[in-house]
Amino acid sequence: MKSIQFIVNGKECTVLCPPAKPLLDVLREDLGLTASKECCGKGECGSCSVLIKNEVVCSCLILAGQAENQVITTCEGVGLSPNLDVIQESFIAEGATQCGYCTPGIIVSAKAFLDGIDHVPSVGEIKTALGGNLCRCTGYTKIIKAVQTAASQKISEPETIR
Amino acid sequence: MLVSEIDMITPSSLPECLMQLSKEGRIHRLIAGGTDAAVRMKEGKWRPEIWINIKNLHELRYIEESEDCIYIGPLTTHTDIIHSPLLQRKADVLVDAAREVGATQMQNMGTIGGNIGTASPAGDTLPALYVLGARLELTSLSTKRIIPIEEFILGPGRTVLKENEMITKILIKPQKPNEIGIFQKLGPRKAQSISIVNVAISLTLDQDLKCREGKIAFGSVAPTIIRARKCESMLPLGTLNDELIRNIAKIAWKEVMPITDGRATATYRRDMASALLERGLYRLIRRWNNH
């Protein structure tokens, strides 16, 4: 067991856990942040996606000790009701979620992607950016639409609400 | 050994890391991006007593050029490679290959040193490194050696790396202005897939599409990456027209030595190796004409 510190969603946290415990399990079990999900557990599906220093990564393959002192953002950190992010609002408005298991990971990936660009992305660009996130329900059409909607809203109302 | 029993050491410098690697009487392993190491830990294949965590050893994460050589730190991520203007200009085939690794998450986490050390026959950056004439610096506490990547990889997952050594530098030859490369991959889907066949091509071209010299390396069609020497020897035979390209692609069918496994049959791999090379050469010429 080791005492490991992180900054999760803007808050400093200290967790006592084995250093080889996957970060995803620390987030879910030790910190009660259950938005990030485990699905494949080997970096193929993206359900566990979180941001470390604004880069999207699979939290199931980062060990707790490797994430020490890192700045981590989960879907809860992107936005929580009633203060949802424009991406989350767009996913609701476009109906871009069905069972919801993959949604937090996709929101986090979309957040990293949209923060890095300043235009409304093409379908191709979105497919590349979200290539690491699988959804077995929606067929992706509405997800892609929601990301485009979010991008156009971000451009038309820059930083007013947030 | 349970996952909960594994300890972790995070060295703060390369010398400290080499010191840890040289310690005997315990089972330890390096872990960087974790895209292979953490998966193997979960599968029960790798359960060291201690992980030597080098994920944030920033002194090994760089891309530099000096005196006709490009130096890449082993902890450089695939994303770093994709965004490097230097590599885009002088190692286009490596940038191409890094783009085909997994998807965004894997590109952000995975490192080039890890891709080399894992020595998978399907590793996407490896054929690109073969055609760029990559050499690797292997360092231990008391030794340092530089060897070509062809001599580093012995077979699937097997390398000449000793227990106390690690890859500390990747050296590649920068492409000249008349050199152009491309990486082509066939997987079950576009993102997040393991290559069924992949190929890296690098050509030195004259104005009239005559190839002065070329290198071709295939992945996933043999126990290690292989150079297609017969195909390479045909490249300078004339202008790269339809006839020559098709003939070279035919030779590729014979030159690769694939096996049948869960991902594809040997025959399918031969057909696809030939098709990917043909497609790659056509796309390369189109890219050359457009630039």
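This briefing walks through a predicted model, from chain A to a few spots in chain B. Because the model is predicted, local features need pLDDT of at least 70 and side-chain atom pairs count only at pLDDT 80 or more, while totals for chains, interfaces and linings use all residues. Residues are numbered from 1 along each chain as its sequence is written, with chains lettered from A and ligands numbered from 1 in the order in which they are written.

**Chain A overall**

- Chain A has 6 helices and 5 strands; helices (H or I, at least four residues) and strands (E, at least two) are DSSP runs, numbered from the N terminus.
- Read along the sequence, those elements come in the pattern β-β-α-β-β-β-α-α-α-α-α.
- The radius of gyration of chain A is 16 Å, close to the 15 Å that the globule rule gives for 162 residues, so chain A is as compact as a globular protein of that length. Here the radius is taken over C-alpha atoms, and the rule is 2.2 Å times the number of residues to the power 0.38.
- The C-alpha trace of chain A spans about 45 × 35 × 25 Å along its principal axes.
- Buried residues make up 50% of the 162 residues in chain A. A residue is buried if 20 or more other C-beta atoms lie within 10 Å of its own, exposed if 12 or fewer, and partly exposed in between, with C-beta atoms placed from the backbone.
- Of the contacts in chain A with a separation of 6 or more, 63% are between residues 24 or more positions apart. Two residues are in contact if their C-beta atoms, placed from the backbone, lie within 7 Å.

**Domains of chain A**

- Chain A is divided into domain 1 (2-77) and domain 2 (86-156), with bounds that come from an automatic or database domain assignment.
- The C-alpha centres of these two domains of chain A are separated by 21 Å.
- Across the boundary, 15 residues of domain 1 of chain A are in contact with 13 residues of domain 2 of chain A.
- On the domain 1 side, the elements that give two or more residues are β3 (49-52) and β4 (55-58) of chain A, and β3(A) gives the most, with 3 residues.

**Helix α3 of chain A**

- In α3 (residues 86-93) of chain A, the buried residues are Val86(A), Ile87(A), Gln88(A), Ser90(A) and Phe91(A).
- What covers them includes α2 (75-78), α4 and α6 (141-156) of chain A.
- After α3(A) comes Gly95(A), whose phi is positive, near 65 degrees.

**Domains of chain B**

- The assignment for chain B gives domain 1 (3-53), domain 2 (58-172) and domain 3 (179-290).
- The C-alpha centres of domain 1 and domain 2 of chain B lie 20 Å apart.
- Between these two, 12 residues of domain 1 of chain B are in contact with 17 residues of domain 2 of chain B. Helix α1 (residues 14-22) of chain B makes the largest share of the domain 1 side, 5 residues.

- Helix α11 (residues 242-255) of chain B has 14 residues and reaches 20 Å from its first C-alpha to its last, close to the 20 Å expected at 1.5 Å a residue; the expected span is 1.5 Å times one less than the number of residues.
- In α11(B), Ile245(B), Ile248(B), Ala249(B), Ala252(B) and Glu255(B) are buried. They cover an arc of only 115 degrees around the axis, which puts them on the same side of α11(B); the arc is that of the directions from the helix axis to the C-beta atoms.
- On the other side of α11(B), Asp242(B), Glu243(B) and Arg246(B) are exposed.
- The cover over the buried residues of α11(B) includes α10 (229-234) and α12 (266-290) of chain B.
- Leu277(B) touches Ile248(B), Ala249(B) and Ala252(B), among others, not counting residues up to four places away in sequence.

**Two buried loop residues in chain B**

- Pro258(B) sits in the loop between α11 and α12 of chain B and is buried, with 21 other C-beta atoms within 10 Å.
- The C-alpha atoms of Pro258(B) and Arg269(B) are 6.5 Å apart, though the residues are 11 apart along the chain.
- Lys55(B) lies in the loop between β3 (50-53) and β4 (63-66) of chain B and is buried, with 23 other C-beta atoms within 10 Å.
- Leaving out residues up to four places away in sequence, Lys55(B) touches Gln66(A), Ala32(B) and Gly33(B).
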